[in-house]
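Let's take a walk through this structure together. Have a look at it below, and then we'll go region by region.

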Amino acid sequence: PDLFQAPDYYQVDDLLSEEHKLVRNTARAWVKRDVSPIIEECAQQAKFPKTIIKGLAKIGAFGPDLPLEYGGAGLDQISYGLIMQEIERGDSGIRSTASVQSSLVMYPIFTYGNETQRKKYLPKLASGEWMGCFGLTEPNHGSNPAGMETSFVDKGDHYLLNGAKMWISNAPFAHVAVVWAKNEEGRIHGLLVERGMEGFSTPETHNKWSLRASATGELIFNNVKVPKENILPNKSGLGAPLGCLDSARFGIAWGAIGAAMDCYDTALRYSKEREQFGRPIGQFQLQQKKLAEMITEITKAQLLAWRLGTLKNEGNASSAQISMAKRNNVEMAVKIARAARQMLGGMGITGEYSIMRHMMNLESVLTYEGTHDIHLLITGFDITGLNAFS
Ligand code: TGC
Ligand code: FAD
């Protein structure tokens, strides 16, 4: 059984509204009931559990902050964060699916799309009838998406799209891809590419040791004819995809707390049950140091995420503030997973416990949505005014 008990050392719950708590508790109960019992086997078998898509839609994980008229849940940013926290408590790969659908597919269609595109795609994406993916990264351009080679030319009644994207979450089963590509002038635009368009394929990426319960793939465009009405009209340039990343990175800053909480809670319980030298291992100072540092770091991360959420609700969260929270909270979770794994000794490496799975998942989370180093350089640029990228 899933015995998880969420830590709340500084009564962060008191900062939440009744609605926040209701949303969070609904997501928490769903993860216990529908994710925890199956997730380990899915990860072991490298299978994405498609059966949970409807559940994700029901708890409001697809477009939580979008208006009700498009199928969204009309919630605020803190509710969005709390949903991501609870899902990632179950598994980072499932949170990835939700992050991509909400922040990287629904958000750009809502924000940069026209009314016809919103009405066509958003309700289906909110209900999970359709799934989406986001193609920015390419084989030769990861941290530096401005260098992308994928491009399209205007053929009068359609655009002709060529190129390839790599490392794309949800790609193998997505019905629609938000694809970032350059036009003849080298300007970046978003195109909605649907499964079934001739010349479009999505081969799956195999042999991952991380995010094994999430499906990752390539997007290959070989002379794909994209109807002209499928271009996102309201924003172009690199700022368009980067704006989506702000929303996804915000969710990850919360999500990582969930993974860390699960590792901490597991290690705490184990430390009271496991005896060596005639005492529970939790009585040894070295193990108490690990646990005390874990709860301290989780508490700091919770406060950072909560404050960022209030800023985002007011429309005042800067990209650099979001980078700081993503970077700090993911590193916090990785360190906690590693320490918790040690506390379980040999048992820590098995699938009997969730820790090793979280630890391996978090290696991807450290890298995607901007690597740990890139986020540090974003902070560096923000505080010095000196750009390390140019
Ligand atoms: P730079 O010249 O700084 O910026 C280009 C234009 O973009 C604007 N901008 C932003 N706009 C909105 N949000 C942001 N976060 C923005 N950051 C920059 C900027 O103002 C500028 O606008 P304008 O009007 O002046 O043109 O761009 P650069 O080429 O120097 O690159 C900067 C850098 C390195 C920080 C950026 O490219 C970057 O963040 N690189 C990391 C790439 C990345 O994060 N990729 C993620 C791919 S998606 C993914 O990983 C999904 S994982 C699945 C899951 O979420 O679970
Ligand atoms: P690189 O950019 O080649 O970086 C390699 C190393 O060099 C890193 O340590 C980096 O920090 C460092 N580095 C690079 N530039 C600098 C610099 N200027 N200064 C100092 N160090 C630097 N992308 C999508 O578009 N959509 C998705 O859905 C998606 N899902 C993903 C799922 C998974 C499981 C993974 C692993 C990745 C996913 N990505 C996705 C791609 C992800 O965003 C990229 O992996 C990430 O942006 C880094 O790019 P890269 O892997 O090419 O590494």
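Which residue takes a positive phi in the hairpin of E4 and E5? It's glycine 186, with a phi near 85 degrees, and the hairpin has five residues between its strands. Before going further, keep in mind that this is a predicted model.

Strand E4 covers residues 176–182, and it pairs with E5 in the antiparallel sense over seven bridges. Strand E5 itself runs over residues 188–194, and six of its seven residues are buried, so the strand is largely enclosed by the rest of the structure.

What does UniProt say about this part of the chain? An unreviewed entry there lists residues 133–224 as "domain: Acyl-CoA oxidase/dehydrogenase middle". That span is 48% strand and 0% helix, and its end C-alpha atoms lie 17 Å apart.

Now for the inside. The largest nonpolar core has 111 residues, and Leu191 is one of those with the most contacts inside it, along with Ala256, Ala260, Ala333, Ile336, Ala337 and Ala340. Helix H6 (residues 239–273) gives this core its largest share, 16 residues.

On to ligand 2, which is surrounded by 22 residues. The closest are Leu136, Thr137, Gly142, Ser143 and Asp373. Strand E1 (132–135), strand E3 (158–169), helix H9 (355–367) and helix H10 (372–384) are the elements that give two or more residues to this shell. By type, the shell divides into eleven nonpolar, nine polar and two charged residues.

Glutamine 11, in the segment before helix H1 (18–44), has a positive phi near 50 degrees. Leucine 211, in the loop between strand E6 (200–201) and strand E7 (216–227), has a positive phi of about 50 degrees too. Leucine 211 has 27 other C-beta atoms within 10 Å, so it counts as buried.

Note on methods. Residues are numbered from 1 along each chain as its sequence is written. Chains are lettered from A and ligands numbered from 1 in the order in which they are written. This is a predicted model: local features need pLDDT of at least 70, side-chain atom pairs count only at pLDDT 80 or more; totals for chains, interfaces and linings use all residues. A residue is near a molecule or strand if its C-beta atom, placed from the backbone, lies within 6 Å of it. Helices (H or I, at least four residues) and strands (E, at least two) are DSSP runs, numbered from the N terminus. Ala, Val, Leu, Ile, Met, Phe, Trp, Tyr, Cys and Pro count as nonpolar, Asp, Glu, Lys and Arg as charged, and the others, Gly among them, as polar. A residue is buried if 20 or more other C-beta atoms lie within 10 Å of its own, exposed if 12 or fewer, and partly exposed in between; C-beta atoms are placed from the backbone. Two strands pair if DSSP finds at least two bridges between them. UniProt positions are given in the numbering used here, feature names are shortened, and annotations may be inferred rather than shown by experiment. A nonpolar core is a set of buried Ala, Val, Leu, Ile, Met, Phe, Trp, Tyr and Cys residues joined through C-beta atoms within 7 Å.
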